[in-house]
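Dear colleague,

My notes on what was found in it follow directly after.

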Amino acid sequence: MDGKIYGLLGRKLGHSWSVPIHRALGCGGYRLIELEPEALEGFLRREDIGGLNVTIPYKRDVMKFCDVLDPAAETIGSVNTLVRRGGKLCGYNTDIDGFLYMLRRADITLAEKHVVILGSGGASLTAQAAAKREGARSVAVISRAGPDNYENLPARHAGAQVLINTTPVGMWPDMAGSPVDLSSLPHLEAAADVIYNPGRTDLLLQAEALGLAWAGGLPMLVQQAKRAEELFFGRPVPDGETEKLIAQLRRDQTNLVLVGMPGCGKTTVGRCLARLSGRPLADLDGEIVQRAGKPIPEIFAREGEGAFRDLESQVLAEVCAQGGQVIATGGGAVLRPENRAAMRRTGRVYFLRRDLSALPTDGRPLSQRGSLEEMYRVRKPLYGETADTVMDNSAAPEETAKQIWRDFCEDSGD
């Protein structure tokens with residue numbers, strides 16, 4: 001490096017994936033720079049700034065410190081990239097490049113569409129500029145106050161065709177919840193979310209369930225970073241780097257989640273997957289036993305199924321919030337909708353299917369208590385709703401693990 005400062009400037013950056021992205025693009029000294037508002041001006045006066053990306057909440061605040069504003073950034077009213085060039089601090093907006101890339105990659109068009117944008121911050125300004133550039137028929141910006149707010153959204157904009165979330169609702173670590181109910185917009189065709197962590201916010205999970213076109217924010221993040229690197233160092237970055245990095249990040253950060261009936265082999269296949277992929281294995285039942293300090297049959301006997309399910313949900317949410325793992329769930333983890341959402345937000349979910357006659361029942365309170373056939377009748381649709389794909393587990397567990405890993409890599413684009 002040239003001894004200058006390169007990094008991401010923001011207030012709270014624990015969720016960021018920018019460091020591995022920029023280092024992969026060749027900026028080895030790229031780092032996270034967390035500042036409180038009162039420290040912003042002093043930092044931006046530094047002469048040793050090379051290049052910075054800017055995120056929440058400073059995309060508009062930094063504009064007043066820029067000596068030069070790129071016309072696009074000035075028009076948008078938001079800066080996400082700073083470069084010190086010839087002693088002057090220059091402001092750019094590469095978010096719009098990433099935003100349009102994200103939409104085109106998902107075959108979402110804004111031309112002649114009624115577009116609704118959630119939020120009014122810096123990312124919203126980028127989305128508004130993109131909608132205008134692409135020829136949207138109309139654009140409504142929804143905020144907590146004013147004539148266009150969340151309460152009257154369905155009444156005022158029932159004809160919305162594309163919805164874009166630029167708010168932090170659903171972002172790691174507070175991933176539960178969605179800013180709106182998409183089913184209240186009957187003409188909606190597509191939804192996009194600039195959030196990239198988790199890979200599927202609750203908003204996007206609902207879009208997927210409704211059969212809408214959808215796009216998450218990872219392609220936007222990577223493409224804007226590519227463009228920022230070009231501005232930092234004044235050299236082109238090959239276009240193929242964007243897709244290569246998207247695939248790498250998806251593979252490295254997405255969890256592999258196994259669901260299925262008690263005794264279907266989730267833990268055994270999970271161990272094989274962990275060895276094959278080099279990832280840690282999180283065995284949910286084992287995590288629960290460690291947390292409770294007692295075996296699962298004892299939890300059921302002393303505290304009841306309700307207490308067990310509460311603990312299961314708590315542990316599952318914590319485990320799923322971490323990326324890059326193999327997660328073997330308990331057989332009943334799919335019973336609660338919040339658990340199904342937690343798995344799908346950060347993971348690719350596999351339903352391990354095995355003939356009921358081959359399922360052991362020893363040490364499994366619910367399997368011993370009633371009919372496996374009845375349990376499967378209740379749970380099968382939930383396994384299907386949760387899973388991205390179904391894997392037969394009648395062969396050797398090593399073979400099942402290989403099939404899952406092959407599918408996972410192909411889905412990541414690797």
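**Helix 7 and the sheet**

Helix 7 (residues 202-209) lies across strand 9 (162-165), strand 10 (190-193) and strand 11, and runs at about 160 degrees to strand 10. Contact here means heavy atoms within 4.5 Å. Axes are lines fitted to C-alpha atoms, for helices over the stretch in contact, and angles run from 0 to 180 degrees between N-to-C directions. Helices (H or I, at least four residues) and strands (E, at least two) are DSSP runs, numbered from the N terminus.

As to the basis of these notes, this is a predicted model, in which local features need pLDDT of at least 70 and side-chain atom pairs count only at pLDDT 80 or more, while totals for chains, interfaces and linings use all residues. Residues are numbered from 1 along each chain as its sequence is written, and side-chain values use heavy atoms, with hydrogens and water left out.

The sheet itself is open and consists of five strands in the order 8-7-9-10-11, with parallel pairing; two strands pair if DSSP finds at least two bridges between them. Strand 8 (138-142) and strand 11 (213-215) stand at the edges with a single partner strand each, so one side of each is left without a neighbour in the sheet. On average, neighbouring strands of this sheet are turned by 15 degrees against each other, direction ignored. Strand 7 (residues 114-118) runs parallel to strand 8 and is joined to strand 8 by five bridges. Within this pair, Ile117 stands opposite Val141 of strand 8.

**Backbone features in the loops**

Two cis peptide bonds may be of interest to you. One leads from Trp172 to Pro173, with omega near 5 degrees, and Pro173 is placed in the loop between strand 9 and strand 10. The other joins Asn197 and Pro198, with omega about 15 degrees; Pro198 belongs to the loop between strand 10 and helix 7.

Although not a glycine, Asp107 has a positive phi of about 55 degrees. Glu112, likewise not a glycine, has a positive phi of about 60 degrees. Asp107 is exposed, with a relative accessible area of 70%, whereas Glu112 counts as partly exposed at 49% relative accessibility. For these terms, buried means under 20% relative accessible area, exposed over 50%, and partly exposed in between (1.4 Å probe, protein chains only).

With kind regards
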